[in-house]
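Student: I have a structure open and would like to go through it piece by piece. Can you help me read it?

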Amino acid sequence: MFSTVNRVFFTLLLAFLIGFSSHSVALSPALFKVEKAGVTSYLFGTVHVGDKSMDGLPKKITQAIEQTDEVIVEVNVEALNAFEIQKRSIPFMTLPHGRTLKDEISTEHFEALKQYFAAKQINIALFENLAPWAVMVTMMQIEYQNLGYLEDYGIDKQVIVHAKKHNKPIGELETLEQQLEMMSSLGVKSDLMISTTLSQLKDVEHYFLDLVNAWKKGDMDTLNKYYQLSFDDSDYGKFSEEVMLTQRNNNWVEQLAPRLTKESLFIAVGALHLPEKHGLITQLKAQGFNVTRL
């Protein structure tokens, strides 16, 4: 919310950010102006994969990119080749020697995964050396691709492409390793993670239909609703919110706040990093920034 272990891989966060809709809706996503000390920047919530209807950034987004000094994204995986991503990802995605997927989760959840992959004519043995979170990412990638959602149509990638076209420097809020470490930390809740994922994937198209259209229309009320639905008061809901959103938002604001009074930045991060009390909008306002929607 949301390239390898990348956008297609932003676990439940990615799932919470993307919907699967075949409806054609003119793109008018929410864009926010961030101002302080006479410096203007922009904050934009993205989705990490998309379909053909999402090809092409709205004019208000491209103009904002062109007006700033630098574009900031979560991780610029476009700067890494496939071999480098794979080399750096494998140590995080694979289990320690002697451990298998069956050792990491309950028998009940292993059998559920086995049935899931068997229904798709895939042998679960292919994943026996992968960490549960990496298996979860694979499941989501399968579902996205089956529904025609690809990273090439993702908004993050389009922002990066437009920035490069206009010779804008591209900065990062995290390293690939930091994102991989974040994903790996979900391992302490592997059974809850797998059960939650399996439950969501049973109704993936319907569950996210409203969400993608809400993003397209810039409907922040609906995005807030799905934030609360995704990160509920359950054990896993609270844990995943802390790991995937709260901690990262806090780190990002710490990095961004000093720069935003000196440089004009275009900040593009997953849409669910924006709302609620720990979101970037609330935190930047608390730092004395004027944040207004355009």
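Student: Let's start with charges. Which residues are linked with Glu70 in a network of salt bridges?

Tutor: Arg259 and Glu263 are linked with Glu70 in that network. Keep in mind that this is a predicted model.

Student: How far apart are the closest N and O atoms of Arg259 and Glu263?

Tutor: The closest N and O atoms of that salt bridge are 2.8 Å apart.

Student: And is Arg259 buried, partly exposed or exposed?

Tutor: Arg259 is partly exposed, because its relative accessibility is 25% and buried means under 20%. Glu263 is partly exposed too, with a relative accessible area of 25%.

Student: How many salt bridges are there in the whole structure?

Tutor: The search finds 10. One of them joins Glu104 to Arg99, with the closest N and O atoms 2.9 Å apart. Another joins Lys157 to Asp152, and there the closest N and O atoms are 2.6 Å apart.

Student: Why would such side chains pair at all?

Tutor: Side chains of opposite charge can pair when their charged atoms come close.

Student: How accessible are Glu104, Arg99 and Asp152?

Tutor: Glu104 has 27% relative accessibility, so it counts as partly exposed. Arg99 is at 36%, which also makes it partly exposed. Asp152 is at 48% and is partly exposed as well.

Student: New topic, the sheet. What is the order of its strands?

Tutor: The order is S4-S3-S5-S2-S1-S6, in an open sheet of six strands with mixed pairing. The edge strands are S4 (170-172) and S6 (290-293), each of which pairs on one side only. On average, neighbouring strands are turned by 25° against each other, ignoring direction.

Student: What holds strands together in general?

Tutor: Strands of a sheet pair through backbone hydrogen bonds, and the pairing is either parallel or antiparallel.

Student: Then which way do S2 and S5 run, parallel or antiparallel?

Tutor: They run parallel, and five bridges join S2 (residues 39-46) to S5 (residues 265-270). Gly45 stands opposite Val269 in S5, and Thr46 stands opposite Gly270.

Student: What about S1 and S2, parallel or antiparallel?

Tutor: S1 (residues 31-36) runs antiparallel to S2, and six bridges join them. Glu35 has Thr40 in S2 as its bridge partner. The hairpin of S1 and S2 has two residues between the strands, and Ala37 takes a positive phi near 55° there.

Student: How many residues of S2 are buried?

Tutor: Seven of the eight are buried, so S2 is largely enclosed by the rest of the structure.

Student: Back to Thr46. Which residue's side chain does it have a polar contact with?

Tutor: The side chain of Asp156 makes that contact with the side chain of Thr46, at 2.9 Å. Asp156 lies in helix H7 (residues 155-165).

Student: Is Asp156 buried or exposed?

Tutor: Asp156 counts as buried because its relative accessibility is 2%.

Student: Which helix packs on the sheet?

Tutor: Helix H13 (residues 235-259) does, touching S3 (70-73), S4 and S5. Its direction makes about 165° with that of S5.

Student: Pick a residue in S3 for me. What does it touch?

Tutor: Take Ile72, which lies in S3. Leaving aside neighbours within four places in sequence, its contacts include Gly171, Leu256, Arg259 and Ile267. Ile72 and Ile267 are 195 residues apart in sequence, but their C-alpha atoms are 4.7 Å apart in space.

Student: So is Ile72 buried or exposed?

Tutor: Ile72 is buried, because its relative accessibility is 2%.

Student: Last one, helix H6. How many residues does it have, and how far does it reach?

Tutor: H6 (residues 132-146) has 15 residues and reaches 21 Å from first C-alpha to last, close to the 21 Å expected at 1.5 Å a residue.

Student: Is H6 mostly covered or mostly uncovered?

Tutor: H6 is mostly covered, with 11 of its 15 residues buried. Among the buried ones are Trp133, Met136, Met140 and Tyr144.

Student: What follows H6?

Tutor: Gly148 follows H6, and its phi is positive, near 85°.

Terms used. Residues numbered from 1 in each chain as written. Predicted model: local features only at pLDDT ≥ 70, side-chain atom pairs only at ≥ 80, totals over all residues. Heavy atoms only, no water. Helix = DSSP H or I, 4+ residues; strand = E, 2+ residues; numbered from the N terminus. Buried < 20%, exposed > 50% of the residue type's maximum accessible area, 1.4 Å probe, protein only. Polar contact = N/O pair within 3.5 Å; in protein donor to acceptor, adjacent residues only side chain to side chain. Pairing = 2+ DSSP bridges. Axes fitted to C-alpha atoms, helices over the stretch in contact; angles between N-to-C directions. Contact = heavy atoms within 4.5 Å. Expected span 1.5 Å × (residues − 1). Salt bridge = Lys/Arg side-chain N within 4 Å of Asp/Glu carboxyl O.
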